[in-house]
Amino acid sequence: WKDVKDDLFEDDDRGSHNKILSRLLSMAGGTSEGSNRTETLNFCADLLGFQAPDDLKYRIWEEHFLQFLEVQRVPIQYGSGKQFKLDKIWASKKEANCLEALMGSLHQSGFQQQCKALATLAALCHLAPPDLRVLVPSNWTMAEKVLANAEKMTANPELFGGDLFLRKLAWKHMDKAKLASQMDQLLG
């Protein structure tokens with residue numbers, strides 16, 4: 001608890017238990033929000049093996065980045081037709097929509113353990129996104145977005161202070177072995 005307090009309040013003695021809990025709950029909300037970002041869900045879909053085999057852009061991405069993912073590919077059709085074309089930003093969020101549909105289907109079918117595992121994977125994609133020198137999202141719009149954000153983060157880290165601090169805090173205090181064991185149990 002003292003280590004977390006020191007990280008949250010930079011060795012200042014201002015952090016009572018209530019202030020620490022309040023700050024941690026705020027960060028949990030930030031993690032939840034970050035886990036639901038389109039670019040985060042796109043990374044998550046890529047890690048799960050979603051692929052659009054008829055999409056030329058996806059095939060180009062696959063040639064360059066698939067070698068870094070040891071995952072069985074799952075063919076996905078993201079939709080087509082008039083209804084999809086009415087949504088002007090559909091193309092930038094189709095993987096996220098598909099992943100959200102998967103979560104909803106799992107939940108409705110009573111697969112709560114798999115829902116927890118999927119939510120955990122999304123949180124990890126936010127807290128520890130892949131190294132952009134190795135892997136960018138398969139969705140080109142999202143790839144451009146994360147690359148632009150990475151460039152901004154390098155030039156102006158203070159603009160991304162919350163995300164950077166949260167990632168540092170999570171990696172410092174996360175019991176990675178326990179998390180891996182719990183994920184195995186959820187998916188076992």
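## Helices α3 and α6

Helix α3 (residues 38-48) packs against helix α6 (residues 90-108) at an angle of about 70 degrees, and their axes are 8 Å apart. Axes are lines fitted to C-alpha atoms, for helices over the stretch in contact, and angles run from 0 to 180 degrees between N-to-C directions. Helices (H or I, at least four residues) are DSSP runs numbered from the N terminus. This is a predicted model, in which local features need pLDDT of at least 70 and side-chain atom pairs count only at pLDDT 80 or more, while totals for chains, interfaces and linings use all residues. Residues are numbered from 1 along each chain as its sequence is written, and side-chain values use heavy atoms, with hydrogens and water left out.

The pair α3 and α6 is therefore roughly perpendicular, a term for angles of 65 to 115 degrees. The crossing of α3 past α6 is left-handed, meaning that the near helix is turned anticlockwise from the far one by less than a right angle. On the α3 side, the contact (heavy atoms within 4.5 Å) is made by Thr38, Leu41, Asn42, Cys44, Ala45 and Leu48. On the α6 side, Ser92, Lys93, Glu95, Ala96, Leu99, Glu100 and Leu102 take part. By class, seven of these residues are nonpolar, three polar and three charged. Ala, Val, Leu, Ile, Met, Phe, Trp, Tyr, Cys and Pro count as nonpolar, Asp, Glu, Lys and Arg as charged, and the others, Gly among them, as polar.

## Burial of α3

Eight of the 11 residues of α3 are buried, so the helix is mostly covered. Buried means under 20% relative accessible area, with a 1.4 Å probe and protein chains only. The buried residues are Glu39, Thr40, Leu41, Asn42, Phe43, Cys44, Ala45 and Asp46. After α3 comes Gly49, with a positive phi near 100 degrees.

## Helices α6 and α7

The axes of α6 and α7 come within 8 Å and cross at roughly 155 degrees. These two helices are therefore roughly antiparallel, which applies to angles over 145 degrees. Their crossing is left-handed. Leu99, Leu102, Met103, Leu106 and His107 of α6 meet Gln112, Gln114, Cys115, Leu118 and Ala119 of α7. This contact has seven nonpolar, three polar and no charged residues.

## Leu118

Leu118 lies in α7 (residues 112-127) and is buried, with a relative accessible area of 9%. Leaving aside neighbours within four places in sequence, Leu118 is in contact with Cys44, Leu48, Leu99, Leu102, Met103 and Leu106. The C-alpha atoms of Leu118 and Leu102 are separated by 9.3 Å, and the two residues are 16 residues apart along the chain.

Note on methods. Parallel < 35°, antiparallel > 145°, perpendicular 65-115°, else oblique. Buried < 20%, exposed > 50% of the residue type's maximum accessible area, 1.4 Å probe, protein only.
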